[in-house]
Amino acid sequence: MSSSSHILRGLFTLALLAVIALAGQIPWGSPSEDAALRLALRTVDGKVRTCRDRTAEELAALPQHMRTPTLCEDRSVDYQLRVTLDGAEVLDLSASPGGLRRDRPIIVDRQVAVAAGPQQLSVRFIPVHDPDSDTEPAASEALPAYAIDRMVDFAPGRIVLVTLDDADHSLEIVQQ
Amino acid sequence: MPREPEPNQGAAATPDRRPGSLLHPRPAAAAWLDRRLAPIDGLFNRIYTSEHNPLYKSGALAITFLAVTLVTGIYLFLFYKVAEPYESVARIDANWFGSLMRSAHRYSADLAVLAVAIHALKMVLSGRTWGPRALAWVTGLILLFVVLLCGWTGLIMAWDVQGQLVAIEGARLADLLPVLSEPLSRSFADPDGVGRAFFFMNLFLHVALPLGFIGLFWLHSSRVARAPLFPPKPIHRYAIGAVIVLSIILPVPLPPAADLLAVSMEIPLDIFYAFWLPLARSVPAWAHLLAWLTAATVALSVPWWWRPRDREFSRSSVDEARCSGCTQCYHDCPYEAITMVQRSVPSDLSEIVARVDPSLCVACGICSGSCAPMGVGPAGRTGRDQLRATDEFIHQRNPAADNVVLITCSHGLGSHPKLLSVPGVLPFASGCSGSVHTSVIELLLRSGAGGVFVLTCPGRDCLYREGPQWLHERVYNDREAELQPRVDKRRVRLAGFAASEVDRATEALGAFRFELSELGEAAREQDVKLEFECEPVDVQ
């Protein structure tokens, strides 16, 4: 093979690899000028426990080692999430516990686009009594409810995050 | 003085279509696509020649590139920290050697996917995806998925803007599968949600997945004999050198760090691994998952729908009455479809006999060429069938001393009109050149042909892997079923050219013809009955 063929081969290889290299770094997407509000909430608080005493017949029907006198059942309730900005509603949804048996935490992960600039943010995350359930409305009302009202400056291209701190039983706003 | 041969015309220019010339069964669409893409193959052959065409070794090249990722990955692993993923990558990238390692790691990973894609495309176009090859196809796809998974975890490891999007969109897909108790994507909602445990698990997957690759690769190559791990050394070294040079000239820039509180951002999209991100960002997660499932179903089912409707493999069988138990076909079979077993009926010939497993045989016919007593091969293509076809050819075409019989592999260049423009050339089509029995060459020469030019596929692009290699060994190096010493080997020429190398092949054919003219006229025998001269080989 002649030296010119070697040079041609080398140049072709380099050109080919350069194309492949660029194909691995194609600029895609663009920074947004809009702002966004993200709600990332998780709670295991929404459980209502109802208990009753077992009857003597029920106890007799059970094996000796299973005769606990009280029968309790946990029912998870839905939470209502309402979000307003400067009084205008931007989100209103009902959040249910996860899992087929509704025994998993309530999780909300939503993001809404908002205009940039300072706005009054109001978030309400409150338990909702299910009229079809056999629990008392007071039991639902006794569950933790979360709320936050704050003036927030939404920066262009940035997300304002609202999270739920289960430990502190409070909503928290995260901004960077 | 030899008479001046006449140029081929009319019927003489039409290649023979004899039993030995059965084309490899593949869908008509594959042949059509193959022709459309032939210019690319031609370009690579012009630049690299068919001996060093990287497209012909794409599967083995993928292993070369993965080996580079493994070596460079070990170096990167030493300095990577799960507690500060982006910062540790930035520190690696800050010095020239670290940058070289990171760039080589990334480029070789990209090239591995590209090589796998080319390898798969070649299999599809040549119809090597069905029948006994279905296992290799399916395991190959799984291997590709493992490589992609490794790549995705690798992109996430760096925790830059691209890795962030890969993680988020991957999590959205995972959340659709009913296996996680809580949505994975929630981890990426909060900058504090992505912690050391996540990156440790990601690193574990990135390191552990290649281990699964080894087992899958064994399965992938389990139906081929002598599967090469790496491409031939020149290609292997050239590929590694090219990656290093590219990494020095064009180091991969480090994108900005992940920012979970940015609404959107520009990323340097790696189309080899993150090609799906634009779709993922523009459709709901379920539609994205549906696209993946559809693509996987279509690809995995290729062996069942991408196949000829009216063709089957004409698989080899063994004539035990002729098998001498020499084991040559067992050694030569490129697909390990032949085993040696005890005879069910005792024979003076041998205690063992060859047996073909039809589920492994792809009907390449290479065993026909390897059997001296001509007792094995696909129906209609055994050595005896080839001799019958040759006899018929001799009676029809009456090759003379100034004729060159051009035996062409049906899967390669074939009897291209340009080849037939060489004066005195008589085309004689065969199946894979590796299936051509040397007795065919002997019969043609002893019947008066001036020379025999066997035009094979390039040795590195044989449809059946080892055809040209075995033929060369039989003709020149006395491999069993060898060309007999009584044959003047100066009158035989083997040459491997790709379909796009017509000019080079024509030049070689012309040169051979010129060499023959220097040798003078060959002796001609009357009524050569070569078939009956074949004796069983000595088992010892």
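Predicted model: local features only at pLDDT ≥ 70, side-chain atom pairs only at ≥ 80, totals over all residues.
Chain A contains three helices and eleven strands. Along the sequence the elements follow the pattern α-β-β-β-α-β-β-β-β-β-α-β-β-β. The C-alpha trace spans about 100 × 50 × 25 Å along its principal axes. Of the 176 residues of chain A, 19% count as buried. Contacts between residues at least 6 apart in sequence were also examined in chain A, and 65% of them join residues at least 24 apart.

Four strands of chain A form an open sheet in the order S6-S5-S8-S9. The pairing is antiparallel. Strand S6 (88–95) and strand S9 (146–154) of chain A are the edge strands, and each pairs on one side only. Neighbouring strands of this sheet are turned by 15° against each other on average, direction ignored. Strands of a sheet pair through backbone hydrogen bonds, either parallel or antiparallel. Strand S8 (residues 117–128) of chain A pairs with S9(A) over nine bridges, in the antiparallel sense. In this pairing A:Gly117 lies opposite A:Phe154 of S9(A).

The loop between strand S5 (78–85) and S6 of chain A holds A:Asp86. Its phi is near 50°, a positive value in a residue other than glycine. A:Asp86 has 13 C-beta neighbours inside 10 Å and therefore counts as partly exposed. A residue would need 20 or more such neighbours to count as buried.

The two chains meet through 34 residues of chain A and 30 residues of chain B. On the side of chain A that touches chain B, two or more residues each come from H1, strand S1 (26–28), strand S2 (35–43), strand S7 (106–114) and strand S10 (159–165) of chain A. H1(A) gives the largest share of that side, nine residues.

Helix H1 (residues 28–48) of chain B packs against chain A. Its buried residues are B:Ala30, B:Asp41, B:Phe44, B:Asn45 and B:Tyr48. These residues pack against helix H1 (3–23) of chain A together with helix H4 (96–125) of chain B. An α-helix has 3.6 residues a turn, so residues three or four places apart point the same way. H1(B) has 21 residues, which at 1.5 Å a residue should span 30 Å. Its end C-alpha atoms are 29 Å apart, which agrees. After the helix comes B:Thr49, whose phi is positive, near 70°.

Strand S6 (residues 404–409) of chain B has six of its six residues buried, so it is largely enclosed by the rest of the structure. B:Val404, B:Leu406 and B:Thr408 point one way from S6(B). B:Val405, B:Ile407 and B:Cys409 point the other way. S6(B) pairs with strand S7 (residues 425–430) of chain B over six bridges, in the parallel sense. Within S7(B), B:Phe428 is the bridge partner of B:Ile407. S6(B) is also joined to strand S8 (residues 451–456) of chain B by five bridges, and these strands run parallel. Here B:Val404 stands opposite B:Gly451.

Helix H14 (residues 383–397) of chain B also contributes buried residues. Among them are B:Leu387, B:Ala389, B:Thr390, B:Phe393 and B:Ile394. The cover over the buried residues of H14(B) includes helix H13 (366–370), strand S5 (376–378), S7 and helix H16 (438–446) of chain B. The 15 residues of H14(B) should span 21 Å at 1.5 Å a residue, and the end C-alpha atoms are 20 Å apart, which agrees. Just after H14(B), B:Asn398 takes a positive phi of about 45°.

A positive phi also occurs at B:Ala481, a residue other than glycine, with a value near 70°. B:Ala481 is found in the loop between helix H17 (467–476) and strand S9 (492–496) of chain B. B:Ala481 is buried, because 27 other C-beta atoms lie within 10 Å.

Methods:
Residues numbered from 1 in each chain as written. Chains lettered and ligands numbered in written order. Pairing = 2+ DSSP bridges. Axes fitted to C-alpha atoms, helices over the stretch in contact; angles between N-to-C directions. Buried ≥ 20, exposed ≤ 12 C-beta atoms within 10 Å, placed from the backbone. Contact = placed C-beta atoms within 7 Å. Expected span 1.5 Å × (residues − 1).
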